[in-house]
Amino acid sequence: MSSKKIIDEFIVPKCTGKAFKVNKGQKFRVVEHEGKQVAGLIFLNAHNYKEQFMAEFSGGLNYFHPSHMGSHYRLSKLYSKVPYENVMLTVTDNKIGDHFLGPHCTKTMMEIWKAPGHRSCSDNFTDALREFGLALEDVYSPSVFNAFANATIDPKGDGTIQIDPPRSKKGDYIEFLAEMDVLVAVSICPDDQSAMNDHSCKAIKIQISQS
Ligand SMILES: [Zn+2]
């Protein structure tokens, strides 16, 4: 980020959530602080919280767009849900390439993994959103950009989802350009039950810059 002015930089501790605003024209990076850690991201229009990022829909639009901007496995443009359908953010740098569009871990998922009561991304997002007067029921929470998640849908053609440890190492990052003023809620996934975070929870660094 040598040619850009970093205006804010902070560590989000393991197993926690945080929300922050990024203005139109600013960029932000989600950086592997230690490596092999997934960061779940929810995006809302900072001036209209009803307008929220819709992950799966964005994957389809990227794929079917005439310029083939991306896909479920390599998203370029992040669109908001109907009826808005605006480009909220553009992925401007993603060398590692891995993300998973869809759900985050929840209490039921933890029960299925035989860890009832274990902290989940639901708890992290609840904490993060509270500061902005929002509850989990106010967001379309299954629609998450899970940065660094190394999950494959239907690898065997039988509808299963395969989760492998992240391939991202310390210092790897995904960079976004805000195409509107956005509220970002990030959950540093507290799942140490599956391979999602390589069975060990770590911190994530956020960098916001003026591009
Ligand atoms: Zn999680």
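**Reading contacts in a predicted model**

Tutor: D127 is partly exposed, with a relative accessible area of 34%. The model is predicted. Let us read D127 with its partner.

Student: Which residue forms a salt bridge with D127?

Tutor: R130 does. The closest N and O atoms of R130 and D127 are 3.4 Å apart. A salt bridge needs such atoms within 4 Å, and this pair qualifies.

Student: Where do R130 and D127 lie?

Tutor: Both are in helix α3, residues 121–130. They are three residues apart, so about one helical turn separates them.

Student: Is R130 buried or exposed?

Tutor: Take the cut-off as over 50% for exposed. R130 has a relative accessible area of 52%, so R130 is exposed.

Student: Which salt bridges share partners?

Tutor: Shared partners join K27, R29 and E175 into one network. Across the whole structure, the search finds seven salt bridges. One of them is R29 with E175, where the closest N and O atoms are 2.8 Å apart.

Student: What does the R29 and E175 pair tie together?

Tutor: R29 lies in strand β3, and E175 lies in strand β12. The pair therefore ties together parts that are 146 residues apart in sequence.

Student: Are R29 and E175 buried or exposed?

Tutor: Buried, both of them. Now set K95 and D93 beside that case. K95 forms a salt bridge with D93, and the closest N and O atoms are 3.2 Å apart. K95 is exposed, with a relative accessible area of 66%. D93 is buried, at 16%.

Student: R29 again. Over which ring does the charged end of R29 sit?

Tutor: Over the ring of Y173, 3.9 Å from its centre. K18 gives another case: K18 lies over the face of F10, at 5.2 Å from the ring centre.

Student: How many aromatic pairs does a search of the whole structure find?

Tutor: Eight. Read each pair by distance and angle. F10 and F20 are 5.4 Å apart, centre to centre, with 75° between the planes. That pair is edge-to-face. F10 is in strand β1 (residues 5–12) and F20 is in strand β2 (residues 17–22), ten residues apart. Both F10 and F20 are buried.

Student: Why is the pair of F28 and F176 stacked?

Tutor: Planes under 30 degrees apart count as stacked. The planes of F28 and F176 are at 15° and the ring centres are 5.0 Å apart, so the pair is stacked. F28 sits in strand β3 (residues 26–32) and F176 in strand β12 (residues 173–178).

Student: Is F28 buried or exposed?

Tutor: F28 has 0% relative accessibility, so F28 counts as buried. F176 is buried as well, with a relative accessible area of 0%.

Student: Which residues form one aromatic cluster?

Tutor: F10, F20, F28, F43, F53, F145 and F176.

Student: β1, β3 and β12 keep coming up. How do strands of a sheet pair?

Tutor: Strands of a sheet pair through backbone hydrogen bonds, in parallel or antiparallel fashion. Here, six strands form an open sheet, in the order β1-β14-β3-β12-β7-β6. Its pairing is antiparallel.

Student: Which are the edge strands?

Tutor: β1 and β6 (77–79). Each of those edge strands pairs on one side only. Direction ignored, neighbouring strands of the sheet are turned by 25° against each other on average.

Student: How many bridges join β3 to β14?

Tutor: Seven, and β3 and β14 run antiparallel.

Student: Last, the metal. Which residues coordinate the zinc ion?

Tutor: C105, C121 and C189, each through SG, at 2.2 Å. Their spacing in sequence is C-x15-C-x67-C. C105 and C189 link distant parts of the chain, 84 residues apart. C105 is in the loop between β8 (99–102) and α2 (107–112). C189 is in the loop between β13 (182–188) and β14 (204–210).

Student: Are C105 and C189 buried or exposed?

Tutor: C105 is buried, and C189 is too. Be careful when counting donors. Water is not among the atoms, so sites may look incomplete.

Key
Residues numbered from 1 in each chain as written. Predicted model: local features only at pLDDT ≥ 70, side-chain atom pairs only at ≥ 80, totals over all residues. Heavy atoms only, no water. Donors = N, O, S within 2.8 Å, 3.2 Å for Na, K, Ca; no water. Helix = DSSP H or I, 4+ residues; strand = E, 2+ residues; numbered from the N terminus. Buried < 20%, exposed > 50% of the residue type's maximum accessible area, 1.4 Å probe, protein only. Phe/Tyr/Trp six-rings, centres within 6.5 Å; stacked < 30°, edge-to-face > 60°. Lys NZ or Arg CZ within 6 Å of the ring centre and 35° of its normal. Pairing = 2+ DSSP bridges. Axes fitted to C-alpha atoms, helices over the stretch in contact; angles between N-to-C directions. Salt bridge = Lys/Arg side-chain N within 4 Å of Asp/Glu carboxyl O.
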